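User: I'm new to this one and would like to go through its pockets. Can you take my questions in turn?

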Amino acid sequence: MSMLEIEDLQVYYGRIHAIKGVSLSVEEGEIISLIGANGAGKTTILHTITGLTKAKSGKIVYDGHDLLSIAPHKIVKLGLAHVPERRQLFERMTVEENLLMGAYFRTDKAAVRYDLGRIYKLFPRLNERKSQIAGTLSGGEQQMVAMSRAMMSQPKMIVMDEPSMGLSPILVKEVFGMIKEMHDLGITVLLVEQNANMALAIADRGYVLENGRITMSGTASVLASDDGVRKAYLGDR
């Protein structure tokens, strides 16, 4: 069984049929990229996986658990974390307070401090900024905090929504380097990302979503070499 299995997912917003029979899978240890234009339904899929949006029908099974019947806060406890679009930090709290919020349900205080120290070693800039108010950080630093906050929940898998949004090319490279670091630690990643070139460059496989439907899937190299994908998402003309 795949770590994450979605079958015939149907999601509506009122009368709007947003997700139309989507099926996809994520194997343990993979980086999967979900690419598509704005409004295709990518964020809706992630929100439905993590319980923020309700499905009309279909299946979402993560690590043997039926996610459609589980409350969002319990989904986090199963080892599935969400890095949301636009980061959504607690802007008036410090960097360290934000990171500790990622471990809010953990009772193993010594292990939490150990994991916090590990993050500071992996990302020294956060250690330098740990007492700084999160809302005063640069966009790239805020994204680093959001991703590290998710890591503090001890996830087996992270779903990530547009981590490079609004960042300069240099910071985009840093964020994608951080995704690789997370993957090297054994975390499986489902990545929604407008920067299809970067997303496919680090992915094992990918899916193309158009108007709420999966229109293509395959290895990242196959998608990156497809003429239609290149013209629509990779900037080739």
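User: What is the make-up by class of the lining of the second largest pocket?

Analyst: This is a predicted model, where local features need pLDDT of at least 70, side-chain atom pairs count only at pLDDT 80 or more, and totals for chains, interfaces and linings use all residues. Residues are numbered from 1 along each chain as its sequence is written, and side-chain values use heavy atoms, with hydrogens and water left out. Ala, Val, Leu, Ile, Met, Phe, Trp, Tyr, Cys and Pro count as nonpolar, Asp, Glu, Lys and Arg as charged, and the others, Gly among them, as polar. On that basis, the lining has four nonpolar, five polar and three charged residues.

User: Which residues line the largest pocket closest to its centre?

Analyst: A pocket here is an open set of points on a 1 Å grid over the protein atoms alone, where a 1.4 Å probe fits, with protein on both sides within 12 Å along at least five of seven lines; lining residues have an atom within 4 Å of a point. The largest one holds about 540 Å³ of space. Of its 22 lining residues, the closest to the centre are Val-76, His-82, Pro-84, Tyr-104 and Arg-149.

User: Is Asn-98 buried or exposed?

Analyst: Asn-98 touches Arg-149 and Phe-90, among others, leaving out residues up to four places away in sequence; touching means heavy atoms within 4.5 Å. Buried means under 20% relative accessible area, exposed over 50%, partly exposed in between (1.4 Å probe, protein chains only). Its relative accessibility is 0%, so Asn-98 counts as buried.

Note on methods:
Points joined across faces, edges and corners; volume = space filled by probe spheres on them.
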